[in-house]
Amino acid sequence: MRASSLLINTTRERPAEAELTSHALMLRAGMLRQLASGIFSWLPLGLRTVRRIEQIVREEMNRAGAAEIMMPAVQPAELWQESGRWQIYGPELLRLEDRHGRAYCVGPTHEEVVTDIARACVRSWRQLPCNLYQIQTKFRDEVRPRFGVMRSREFVMKDAYSFDADAAGAKRSYQIMRDAYVRIFDRIGLDYRVVEADVGAIGGSFSEEFLALADCGEAVIGYTDGDYATNLEQVPCSPPAAAQRPDPGEKMEEFATPGVATIDELDQFVGGIDPGRSIKTMIVTGEAGSAALILPGNAELSLAKASRLEQVGFGAALAEDDFVRKTVGAGFGSLGPVGMSLPVIADASLASAADFFCGANRDGYHLRGVNFGRDLPEPRFADLRMAVAGEVAPDGRPLKLRRGIEVGQIFNLGTKYSQAMAARIEGDDNVLRPMVMGCYGIGITRIVAAAIEQFNDEAGIVFPESIAPFIVAVLPLGKSPEVMQAAESLYAALNESGIDCLLEDRGLRAGAAFADLDLLGIPHRLVVSERSLAAGKVEHKARHTGAVSMLEMADAPAQVRAMLAAKKP
């Protein structure tokens, strides 16, 4: 491809709206352009990288025996009502009506649609196992899109769905897909970990995430020096050492706290609170109902653990402010368990708490000297909080934390959708049974950002060869006819050799051209100049190492091919 034919629009300054390195570099390199909040246009260089990732994914999915399909982006509400997710998926589901008043959604995922396909097309166990996949644009109406394509509303995803006659077959399908994912991320070259994960809004009995390690990642991995690794939300907290709860030593009293809405503000307002004597109350809703969860003031709630509570159930999320005010009579920051109308569940670490501070369920007021059993009924205790570094993990070793970017997730769905939507097959015993399903997602566009977070330097992106928009850039220096002709010949020879090559023919000054090629992250640069041409050579620079060498002009394509072959696993 000739650079003059591409819409290359690079900038030197870091864009003010970019919070992450990947977002800044993608904007500076002209890979994408924001159209609306969380919605981006992919420009030629960015789209080439997206397509490279798609090709790797497609090759490995086909190798794993999956068949590619394409499902509609707009889905009828009836399917989601059958599965029960129309009511519980939440505000991320973009709902709309057509001109006839029929309800639809823009698909954030396709479990319902693919289950509808399976129940219509799969009739016998002899047609199983079956694995269908697509690479398609999804839409999730994120409340706060940020970090560029890392958390956007519209994104490209590969989603696959397996159907089996029984649980044993589903387990085999799950492992086949897990192996395929390992090959995909190994081929891309990401530094990643596979960890146990929460099933979230997709559902099912078991899930694993593939997390690209990066300090900017929103997911946190809890791991040890052994084999233990899981999403931090899943890490069970060790029960506190048995301790007798002290007898109440204070009288409960209400006091005014104008403008106080956080634990830190409360601590400052009263002049310091001993650790363990301040609690926070969080109202959480899920498929089964709502509950008031109380935790130590310095602890963070795990929504994955909240989802396991029978009072809350699947899809646990913090309640909306309107619901909280209508139910409790106060807003977040003034909530407490005393007189609470909802079920109260306390974190296990509060079992020995006494004389504590909490909200009074009245805006601008708190309580001090509160005690379980005296001022409110004894609550149920459960593991609710996120573990912290240094705690003892399930394998007996100290827990360590590392941040990561979720680039893939796989689920053992069981019969969650096939049971609800009557996707049954007739077994060899002539009995109809729901098919056992799995689903498997990869964030194609998110991988671009994750890779850039891992592969960059002060000059720009340092793409691995596997997903770079071009493998080689040929740069003629000077305007002599001989240099241009030699560069054209080298460019043609590289393309004929099957090497994806960019000819930098825009006539930029040397410094600007070098800076652009470094910013774009093209792995190999070949510079043709009058001096190198006189010696029958071309200058080669490896973007990853910065190493510069002189190659024989006639042998340059073969030598580049040898370099590429040497790096393949």
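# Chatting through a predicted model

Q: Which residues of α1 are buried?
A: In α1 the buried ones are Ser 22, His 23, Ala 24, Leu 25, Met 26, Leu 27 and Arg 28. Keep in mind that this is a predicted model.

Q: How many of its residues is that for α1, and how covered is the helix?
A: 7 of the 8 residues of α1 are buried, and the helix is mostly covered.

Q: What covers the buried residues of α1?
A: The cover includes the strands β1 (32-36), β2 (39-42), β25 (456-457) and β26 (460-461), along with the helices α11 and α13 (510-520).

Q: And what follows α1?
A: Gly 30 comes after α1, and its phi is positive, near 70°.

Q: Let's take α11 from that list. At what angle do α1 and α11 cross?
A: Roughly 105°, with the axes of α1 (residues 21-28) and α11 (residues 444-454) coming within 8 Å. The two helices are therefore roughly perpendicular to each other.

Q: Which residues meet there, between α1 and α11?
A: From α1 you have Thr 21, Ser 22, Leu 25 and Met 26, and they meet Val 448, Ala 449, Ile 452 and Glu 453 of α11. By type, the residues of this contact divide into 5 nonpolar, 2 polar and 1 charged.

Q: Nice. Why is α11 described as largely enclosed?
A: Because 10 of the 11 residues of α11 are buried, the helix is largely enclosed by the rest of the structure. Among the buried ones are Ile 444, Arg 446, Val 448, Ile 452 and Glu 453.

Q: Switching to Met 437: where is it found?
A: Met 437 sits in strand β24, which covers residues 436-443.

Q: Is Met 437 buried or exposed?
A: Met 437 counts as buried, because its relative accessibility is 0%, and the limit for buried is under 20%.

Q: What does Met 437 touch, leaving out residues up to four places away in sequence?
A: Its contacts are Val 114, Thr 115, Ser 162, Phe 163, Asn 412, Leu 413, Gly 414, Tyr 417 and Ser 418.

Q: Let's zoom out. How is the chain divided into domains?
A: There's domain 1 (3-235 + 401-452), domain 2 (253-382) and domain 3 (470-567).

Q: What distance separates the centres of domain 1 and domain 3?
A: 37 Å, with the centres taken over C-alpha atoms. As for contacts, 13 residues of domain 1 touch 13 residues of domain 3.

Q: What about the secondary structure of the whole chain?
A: The protein chain has 15 helices and 31 strands. Its C-alpha atoms fill a box of roughly 95 × 70 × 55 Å along the principal axes.

Q: What share of the residues is buried?
A: Buried residues make up 52% of the 569 in the protein chain. On contacts, residues 24 or more positions apart account for 68% of those with a separation of 6 or more.

Q: In which loop does Asp 355 lie?
A: Asp 355 is in the loop between β17 (344-347) and β18 (356-359), and it is buried, with a relative accessible area of 11%.

Q: And what is the place of Ala 422?
A: Ala 422 lies in the loop between α10 (416-420) and β22 (424-426). At 37% relative accessibility, Ala 422 counts as partly exposed.

Q: Last topic, cysteines: how many disulfides does a search of the whole structure find?
A: The search finds 0 disulfides. Cys 105 is in none, and the nearest cysteine sulfur, that of Cys 439, is 16 Å away.

Q: Are Cys 105 and Cys 237 buried or exposed?
A: Cys 105 counts as buried at 0% relative accessibility, and Cys 237 counts as buried at 11%.

Note on methods: Residues numbered from 1 in each chain as written. Predicted model: local features only at pLDDT ≥ 70, side-chain atom pairs only at ≥ 80, totals over all residues. Heavy atoms only, no water. Disulfide = S-S within 2.5 Å. Buried < 20%, exposed > 50% of the residue type's maximum accessible area, 1.4 Å probe, protein only. Axes fitted to C-alpha atoms, helices over the stretch in contact; angles between N-to-C directions. Helix = DSSP H or I, 4+ residues; strand = E, 2+ residues; numbered from the N terminus. Parallel < 35°, antiparallel > 145°, perpendicular 65-115°, else oblique. Contact = heavy atoms within 4.5 Å. Nonpolar A, V, L, I, M, F, W, Y, C, P; charged D, E, K, R; others polar. Domains from an automatic or database assignment.
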